[in-house]
Amino acid sequence: MLPTQRGGFRLFRLTGIDVYLHWSWFLVAAYEIRRAQDYRSPVWGVLEYVGLFVIVTMHEFGHALACRQVGGRADQIVLWPLGGVAYVNPPQRPGATLWSIAAGPLVNLVLVPVTIGAYWAARSFGLGATAPDALALLGALAAVNAALLIFNLLPVYPLDGGQILRALLWFVVGRARSLMAVALFGFVGVLGLAAFAWQQESTWLGILTAFVAMSCWRGYQHARELVRVESLPRHVGFACPGCGTAPPVGPLWSCGACRTPFDVFETSGACPACHSRSAGVRCSECGTGNPIDAWATASPAAVR
């Protein structure tokens with residue numbers, strides 16, 4: 001389960017994006033700082049963990065800002081012990097999704113020459129003799145950034161590499177089948193991560209492996225639902241104003257008042273149970289919401 005703002009507190013707001021810190025971050029921070037043995041003073045262990053915090057935050061802002069650039073919604077980032085989560089909702093197109101996901105690792109890629117350059121410059125100026133802890137900190141941040149880049153690019157869903165692979169497959173086989181493929185491939189990656197965690201006797205890698213496994217299962221279930229929806233017949237005379245896709249037939253929408261599932265296009269938006277009327281209809285393909293009258297004026301397009 002992904003962390004939410006309910007499990008933490010807001011740190012700051014930048015460009016309309018709220019950044020939250022999950023409470024569990026402090027527990028892991030205390031543990032990691034205490035076990036840091038590369039420094040003479042624990043203060044440098046604190047600085048290293050803060051540096052990791054900054055790198056992860058920049059990575060998540062890469063996702064969020066790229067999502068906004070393609071017309072999506074991104075207004076929240078939550079930081080927790082397993083990294084960070086940028087809650088992004090890009091337009092349901094493969095290109096928009098690809099850019100929203102790829103922008104995060106691109107931030108780390110840009111930071112590679114910056115962090116390594118800072119370390120080698122400090123070393124060439126003799127910082128190892130005058131301030132060895134400072135040099136060790138620069139080396140640790142360079143290593144951490146490189147490790148985050150490599151790990152995130154593993155083609156295992158829901159890591160960035162797995163989601164990038166999904167977006168690329170989306171161009172070829174469509175939204176549902178691409179998610180199905182990477183979710184199934186992700187289970188193979190889970191076995192590899194589990195074996196590596198066992199070999200390294202790493203508790204945190206084991207926890208991360210469990211998180212990846214649960215995410216793969218949720219992705220697989222979502223893919224099955226997408227395949228089912230795509231196979232349904234479509235309403236004639238209606239189409240999403242955003243993507244032009246004709247809506248599927250069936251009780252796929254829920255009443256906002258009583259939560260009764262019904263087909264909004266069969267009842268003109270009125271709930272058959274409580275008779276309340278839906279203000280807008282969300283598209284099952286692109287996720288945008290529009291008044292039902294706007295759907296009737298659009299031109300239907302083929303579903304992919």
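Select Arg10, Arg13 and Asp18 to start: these residues are linked in a network of salt bridges. A salt bridge here is a side-chain nitrogen of Lys or Arg within 4 Å of a carboxyl oxygen of Asp or Glu. Zoom in on Arg13 and Asp18, whose closest N and O atoms are 2.9 Å apart. Asp18 is buried, with a relative accessible area of 11%; buried means under 20% relative accessible area, exposed over 50%, and partly exposed in between (1.4 Å probe, protein chains only).

A word on what you are viewing: this is a predicted model, in which local features need pLDDT of at least 70 and side-chain atom pairs count only at pLDDT 80 or more, while totals for chains, interfaces and linings use all residues. Residues are numbered from 1 along each chain as its sequence is written, and side-chain values use heavy atoms, with hydrogens and water left out.

Next, switch to the cartoon view and find the open sheet, where 4 strands follow the order β1-β2-β3-β4 with mixed pairing. Its edge strands are β1 (8–14) and β4, each pairing on one side only. On average, neighbouring strands of this sheet are turned by 20° against each other, direction ignored; the axes behind such angles are lines fitted to C-alpha atoms, for helices over the stretch in contact, and angles run from 0 to 180 degrees between N-to-C directions. Strands (E, at least two residues) and helices (H or I, at least four) are DSSP runs, numbered from the N terminus, and two strands pair if DSSP finds at least two bridges between them.

Now walk across the sheet:

- β1 and β2 run antiparallel, joined by 6 bridges. Select Phe9 and you will find Leu21 of β2 opposite.
- β2 (residues 17–22) runs parallel to β3, with 4 bridges between them. Pick Val19 to see its bridge partner in β3, Ile77.
- β3 and β4 (residues 83–89) are antiparallel partners over 7 bridges, and a hairpin of 2 residues joins them. Ala74 has Val88 in β4 as its bridge partner.

Stay on β3 (residues 73–80) for a moment: 6 of its 8 residues are buried. Show the side chains of Asp75 and Arg73, which meet in a salt bridge (3.2 Å, N to O). Asp75 is partly exposed at 28% relative accessibility, whereas Arg73 is exposed at 58%.

For the last stop, jump to helix α8 (residues 203–230), where Arg228 and Glu225 lie 3 residues apart, about one turn of the helix. They form a salt bridge with closest N and O atoms 2.7 Å apart. Arg228 is partly exposed at 38%, and Glu225 is partly exposed at 35%.
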